[in-house]
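Open the model in your viewer and keep the selection panel at hand.

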Amino acid sequence: MYGYKLPDDFLIGTANSAFQSEGAWDKDGKSESWMEYYAKLNAGKPARLGMTYSEDMPDRGCFFYDNYEAYIEDMQKTGQNTYRMSLAWPRIIPTGFGAVNPKAIEHYNKVIDKLLECGIQPFVDLYHWDLPQCLNEKGGFTNPQFPEWFEAYAKVCFEAFGDRVKLWSTFNEAQVSLHNGYFSGTFPPFHKNMKEYLQAAQNCLLAHFRAVRLYKSMNLGGKIGIVNAILAVSPTDFTEQDVYACALHMDHYVGWWTEPLLEGTYPQRLLRENPNIAENMPEGYQKQLDEWFIPMDFVGLNYYMTKRTRYDPEAFGHFKRAESFYSAPGQFFAPYPPGLFDVVQFVSERYHGIEIYITENGCALPNIHDEEAECDDEERVTYLREHLRMCARLIRAGYTNLKGYYYWNDADSYEQLRGYDLRFGLTWVDHVTGKRRWKKSRYFFSQVCKSKMVN
Ligand code: BGC
């Protein structure tokens, strides 16, 4: 008999982000984020990969801002012991830097207190893709002042909530939002400029260091890390070139956002092999890293899928994504549960047993616009079961540095570019009336949370 048992102190819960869940986008003094700004500007226009930018606005989310109590009570009933959420910078400091909005502090205090009252440990991201638009107008991540703006914002958050929040992350998936935003031009602010991308990435790392340094100096007794997207990558063919491309791919997606944060340098192989990247790096980048480097406590991994990589000397980084071995017709991402094992193993071994949380893992089934059918989500139950089994297997295999798992997401919410058409939630939401209903998957998840067993 195989026992898929999770440790009793394993953190298990759901996740969501401010701009995707809260709604109330202009309530109580909140200013516009670039997500809202570009959603309006681009509605109905071509987006990427043949997609059209949704006409939906992130102004409702899943109505979390107004209904947080009911959502948290549902989490308590689920039996989860943690919830990953993000704070909205444009809500807390509507002008980007300067005056703090007391209503935002009051709101997040209530959310955090409610979570704790319900026995749910908050895991808080300072930034999940919702830059105040007023800062974007000043150059956003490419402005040399960005690290200072971020540190000042982090200070407000640590001072206000640090007595109760013990797990912090600085940025969610910086590589996705910055690479797509400044290099491939498919996310806000839709630029296509390698130099800008590398500058934005450097500023983001410096901002992270400044926040970590500040956090440590405040002795608040918690942990701080970052959340990265990670793919299980394989070479397309058994050629030396494709195997090498795979290593470069990992250097870029994982190494770039882990190595400087744990070891103080960018992946050297990537810089050596790619004069196009090396030549466009910001001036004095290593000196800045030396000046600010401070190691973080853990890494959060958002794991959704597997990809294959091919060597391509013309491509950024000399690698190019190819189709996965696995496909899931109609699904947004093709799930591959064993990949979760591979990525935790890879990161643990490469980064000397660093503490790991699976900060996102989730499944969006095709929206069939039918409440009954959507709540009968047997496929999501299988998805959860398989990925949670991988967590149990990893721990049993000795990867006890894996400390937690967050399903993405708690309830059907707004999705960047796609609007409300893509549903990841364990709770079904009517985006017009706000009606909520547990899907089958939430009942299943609840059993796992309560028993710490995966059947
Ligand atoms: C992001 C989420 C997003 C999810 C599904 C992750 O990359 O952190 O904000 O909703 O993917 O696309």
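Select C157 first. C157 is buried, at a relative accessible area of 0%. Buried means under 20% relative accessible area, exposed over 50%, and partly exposed in between, with a 1.4 Å probe and protein chains only.

A note before moving on: this is a predicted model, where local features need pLDDT of at least 70 and side-chain atom pairs count only at pLDDT 80 or more, while totals for chains, interfaces and linings use all residues. Residues are numbered from 1 along each chain as its sequence is written, and side-chain values use heavy atoms, without hydrogens and water.

Now look for disulfides (a pair of cysteine sulfur atoms within 2.5 Å). A search of the whole structure gives 0. C157 is in none, and the nearest cysteine sulfur, that of C134, lies 15 Å away. Select C246 next: with 10% relative accessibility, C246 also counts as buried.

Move to strand β6, residues 298-311. Strands are DSSP runs of E, at least two residues long, numbered from the N terminus. Of the 14 residues in β6, 12 are buried.

Which strands pair with β6? Pairing requires at least two DSSP bridges between two strands.

- Select β5, residues 223-235: β5 and β6 are parallel, over 10 bridges. I226 has V299 of β6 as its bridge partner.
- Select β8, residues 355-360: 5 bridges join β8 to β6, again parallel. Here V299 is partnered with I356.
- Select β7, residues 319-322: 4 bridges link β7 to β6, running antiparallel. Find R310, whose bridge partner in β7 is K320.
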